[in-house]
Amino acid sequence: MTILKRTDQDSIAHLQMSSPERLNALSDELIAALQMEFNVLRDDTSIRAVILSGSGKAFCAGHDLKQMSMNRQTEDAGTAYFKDLFDRCAKMMTSIMDLPQPVIAQVHGIATAAGCQLVASCDMAIAEEGTKFGVNGVNIGLFCSTPMVALSRNIPRKKVFEMLTTGQFIDAQQAEAFGLINKVVPHGSVEEYTRKTAKMITGKLAAAVKIGKRAFYEQLEMPIQEAYAYTRDIMVTNMLYDDTEEGIAAFLEKRDPDWKEPSNTA
């Protein structure tokens, strides 16, 4: 059974988590499949944007608790397995930021615990009305500490702490207001809106998006003066691209740019 399906169209790679009977839980197998695809996409210059979605009733219900419980039956009560699991999951999540292509989460149903972390780890997220988001591990005695890392970098700290300690869910409108997602769209239209956004990105100069995405995440961790010095150098590098020179000339001359980079604006 295929647990992750990839379809490519118009320079967009669509990755669909396909374990609907398990609400697309992040099993060992699904984490490995996502990691493998991210590794491949990193060097795939034909792809300019990535969409990540779930099949069935949910986007992703977090870690596979049945699989985790089975691994407690070891001499160390699962300690080595759990450490390795969370390391593998963290690597997979941060691989999204390391990709040169923007990654858009296409969210529906529910995104809970590590599934909510996955939404927060994507560069953008679009959710349909009725979607619920939560880090509800505390309800079963497991504080969502690793999901907290991504969420606390997206949502104001008091709100994310409330979510972590109460286990309460937020709806799509609240998720948009708090900054977890970019947009709420009507039920049944999330695929259309997400693809439209991805298509818009593919029409931009890929080299500029690539250098810009890397700089975006690098500067977030820097003091402000260091960030300005770093992004100054990024701007200089970007300005020296031949295609950027052509893009500026085309803008000033009120015409379409004739980039050397293959066009994807059709």
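Which residues does threonine 194 touch, not counting residues up to four places away in sequence?

## Threonine 194

Threonine 194 touches Ile51, Ile104, Gln106 and Ile126, leaving aside residues up to four places away in sequence; contact here means heavy atoms within 4.5 Å. This is a predicted model, where local features need pLDDT of at least 70, side-chain atom pairs count only at pLDDT 80 or more, and totals for chains, interfaces and linings use all residues. Residues are numbered from 1 along each chain as its sequence is written, and side-chain values use heavy atoms, with hydrogens and water left out.

You'll find threonine 194 in helix α8, residues 190–202 (helices are DSSP runs of H or I, at least four residues, numbered from the N terminus). Threonine 194 is buried, at a relative accessible area of 0% (buried means under 20%, exposed over 50%, partly exposed in between, with a 1.4 Å probe and protein chains only). Its side chain reaches the backbone oxygen of valine 190 at 2.7 Å.

## Aromatic pairs

The structure has 2 aromatic pairs (rings of Phe, Tyr and Trp, the last by its six-membered ring, with centres within 6.5 Å; planes under 30 degrees apart are stacked, over 60 edge-to-face, the rest tilted). Tyrosine 81 and phenylalanine 82 pair edge-to-face, 5.7 Å centre to centre with 65° between the planes. Tyrosine 81 is buried at 14% relative accessible area, and phenylalanine 82 is buried at 17%.

Phenylalanine 216 and tyrosine 217 also pair edge-to-face, at 5.1 Å centre to centre and 85° between the planes. Phenylalanine 216 is partly exposed, with a relative accessible area of 45%.

Technical notes:
Helices (H or I, at least four residues) and strands (E, at least two) are DSSP runs, numbered from the N terminus. A polar contact is a pair of N or O atoms within 3.5 Å; within protein, one must be able to donate a hydrogen and the other to accept it, and residues adjacent in sequence count only if both atoms are side-chain atoms.
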